[in-house]
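Visitor: I am new to this structure and would like a close look at a single part of it. Please start with whatever background I need, then stay with that part.

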Amino acid sequence: MHPSEWNNWFQLDNPTFYRRVFGSPDAATLVPAIYHQLTNFREPDHCLNFLKIRLLHPDIPLPGSESALTTFVPSIDLAPLVDQAIRDSRYQLILGALPGTCW
């Protein structure tokens with residue numbers, strides 16, 4: 001099924017759809033299957049929403065690299081996501097380096 005049809009089929013917007021997929025007990029099976037669909041159909045909005053939720057669930061293995069999906073997303077849409085991921089990782093590093101520090 002083409003990713004653009006998922007919204008109608010499941011009657012969910014993209015962010016809600018991906019939150020449910022990644023939060024599902026079957027995420028280890030669903031996420032790789034959806035990843036393959038996105039690499040085949042190249043839907044920028046779906047790829048962006050997949051990547052946004054993926055950042056919250058790095059423990060779920062993918063059959064390929066996240067960068068494969070970034071090529072389908074316009075840079076202007078991808079830049080804020082990358083910026084936020086960098087800020088989050090810096091914050092985690094700071095907290096990890098200063099145990100017991102409360103921000």
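Guide: The model is a predicted one. The protein chain has 103 residues, of which 30% count as buried. Six helices and zero strands are found in the protein chain, so the order of elements from the N terminus on reads α-α-α-α-α-α. Take the contacts in the protein chain between residues at least 6 apart in sequence: 64% of them join residues at least 24 apart.

The part to look at is a pair of helices, α3 and α4. Helix α3 covers residues 27-41, and helix α4 covers residues 44-54. In general, two packed helices are described by the angle between their axes and by the distance between the axes. For α3 and α4 the angle is about 150° and the axes lie 10 Å apart. Angles over 145 degrees count as roughly antiparallel, and α3 and α4 are therefore roughly antiparallel to each other. Their crossing is left-handed. On the α3 side, the contact is made by V31, I34, Y35 and L38. On the α4 side, H46, C47 and F50 take part. Sorted by class, the contact of α3 with α4 has six nonpolar residues, one polar residue and no charged residues.

Between these two helices there is a loop, and R42 is placed in it. Phi of R42 is positive, about 55°, although R42 is not a glycine. Is R42 buried or exposed? The relative accessibility of R42 is 52%. Exposed means over 50%, so R42 counts as exposed.

Q11 sits in the loop between α1 (3-10) and α2 (14-23). The phi of Q11 is near 55°, again a positive value in a residue other than glycine. Q11 has a relative accessible area of 72% and is therefore exposed.

The loop between α3 and α4 holds R42, which has a positive phi and is exposed.

Key
Residues numbered from 1 in each chain as written. Predicted model: local features only at pLDDT ≥ 70, side-chain atom pairs only at ≥ 80, totals over all residues. Heavy atoms only, no water. Axes fitted to C-alpha atoms, helices over the stretch in contact; angles between N-to-C directions. Helix = DSSP H or I, 4+ residues; strand = E, 2+ residues; numbered from the N terminus. Parallel < 35°, antiparallel > 145°, perpendicular 65-115°, else oblique. Left-handed = near helix turned anticlockwise from the far one by under 90°. Contact = heavy atoms within 4.5 Å. Nonpolar A, V, L, I, M, F, W, Y, C, P; charged D, E, K, R; others polar. Buried < 20%, exposed > 50% of the residue type's maximum accessible area, 1.4 Å probe, protein only.
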